[in-house]
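Please load the model in a viewer, with the sequence panel open beside it. The tour below says what to select at each stop and what is found there.

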Amino acid sequence: SIATGGQQFDGFIVKLNAAGDLVWYKTIGSSTDERIRDIVLDGNSNVIVVGHSNATTLDIDPGTAITNLTGLGTASGLSGPNTFGFMLKLTNSGNYISHFQKANNVHASRLTEYFLTRVKVNSANDIFVTGYLHYDDVFPGGQENYNRAILIELSAANNTVLKDVGFIAHQNNSSAPIYTNIIADIEIDAANNYYLVGYFNLNIH
């Protein structure tokens, strides 16, 4: 084996040469779940991955340095882990360059989690990340929850957020609404138009 993890999921990044031989590998892990969901190379051959974690503290630098991201504990009235999304950029040799965190948050009984699942770059090496926001709320009539697709554009230079778009789904049901819209993939053409595919129930706008 090339790495050893625990009972929870850890994320891995592996580079192989053309013959299939190992060049390097990196892991991202904590005492909870880390899942790396997609990978792309930019125009400088930097390695960019996206994923999500439900850790309260996660060292996002796979090298010897420590760069901690902070997540949340459980929210009042809601069970289960609270998840934040991350983007990690490495050199082609696997060394840390930078990161971006889409942090989870809690307000009163409301919990918002972020799952980043796809990544692409455009001709300027700006980074386009898609995924979804998961929202839970406990209220007297029941528990509301939904998944809402999100699209985030980050600048190539310093990961500044250039665009942060959420697609709205709505159900007219005040007792316990459940609705979903998900971006499954993204593609970008030479003119920097981007194309999204996914799925939804009820309605989307």
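Throughout this tour, buried means under 20% relative accessible area, exposed means over 50%, and partly exposed covers what lies in between, computed with a 1.4 Å probe on protein chains only. The model is predicted, so local features are reported only at pLDDT of at least 70 and side-chain atom pairs only at pLDDT 80 or more, while totals for chains, interfaces and linings use all residues. Residues are numbered from 1 along each chain as its sequence is written, and side-chain values use heavy atoms, with hydrogens and water left out.

**Stop 1: colour by confidence**

Colour the chain by pLDDT, the predictor's confidence in each residue on a scale from 0 to 100. The chain averages 82, and 77% of the residues score at least 70. Now select residues 171–176, where the pLDDT is below 50, although this stretch still has 10 contacts in the model beyond near neighbours in sequence; contact here means heavy atoms within 4.5 Å.

**Stop 2: the salt bridges**

A salt bridge is a side-chain nitrogen of Lys or Arg within 4 Å of a carboxyl oxygen of Asp or Glu, and by this rule the count comes to 3. Begin with K102 and D164, whose side chains meet at 2.6 Å, N to O. K102 belongs to strand β8 (residues 96–102) and D164 to strand β13 (residues 161–166), so that the pair links distant parts of the chain, 62 residues apart. Strands are DSSP runs of E with at least two residues, and helices are runs of H or I with at least four, numbered from the N terminus. K102 counts as buried because its relative accessibility is 15%, whereas D164, at 41%, is partly exposed.

Select next K120 and D185, which form a salt bridge with their closest N and O atoms 3.5 Å apart. Because K120 lies in strand β10 and D185 in strand β14, the pair ties together parts that are 65 residues apart in sequence. K120 is buried at 17% relative accessible area, and D185 is partly exposed at 31%.

Then move to E153 and K163, whose side chains meet in a salt bridge of 2.7 Å, N to O. E153 lies in strand β12 and K163 in strand β13, so this pair ties together parts that are 10 residues apart in sequence. Is E153 buried or exposed? With a relative accessible area of 9%, E153 is buried, while K163, at 25%, counts as partly exposed. Showing the surroundings of E153 brings up its contacts beyond four places in sequence, among them N122, D126, I127 and F128.

**Stop 3: the nonpolar cores**

A nonpolar core is a set of buried Ala, Val, Leu, Ile, Met, Phe, Trp, Tyr and Cys residues joined through side-chain atoms within 4.5 Å. Which residues touch the most other members of the largest core? Of its 17 residues, these are I48, M87, V119, I127, V129, I152 and L154. Strands β4, β10 (110–121), β11 (127–139) and β12 (142–154) each supply at least two residues of this core. A second, separate core of 13 residues includes I13, I28, V47 and A55.

Centre the view on I127 and display its contacts, leaving aside neighbours within four places in sequence: these include I48, M87, V119, I152 and L154, together with K89, K120 and E153.

**Stop 4: a buried aspartate in a loop**

Select D42, in the loop between β3 (34–41) and β4 (47–53). D42 is buried yet has no salt bridge, and the nearest side chain of opposite charge, K89, is 4.4 Å away; Lys and Arg count as positive and Asp and Glu as negative, with His and the chain ends not counted. Beyond four places in sequence, D42 is in contact with I48, K89, V121 and N125.

**Stop 5: along strand β14**

Finish at E187, in strand β14 (residues 178–188), which counts as partly exposed because its relative accessibility is 43%. Leaving aside neighbours within four places in sequence, E187 is in contact with K120, N193, Y194 and Y195. The C-alpha atoms of E187 and R118 are separated by 9.9 Å, and the two residues are 69 apart along the chain.
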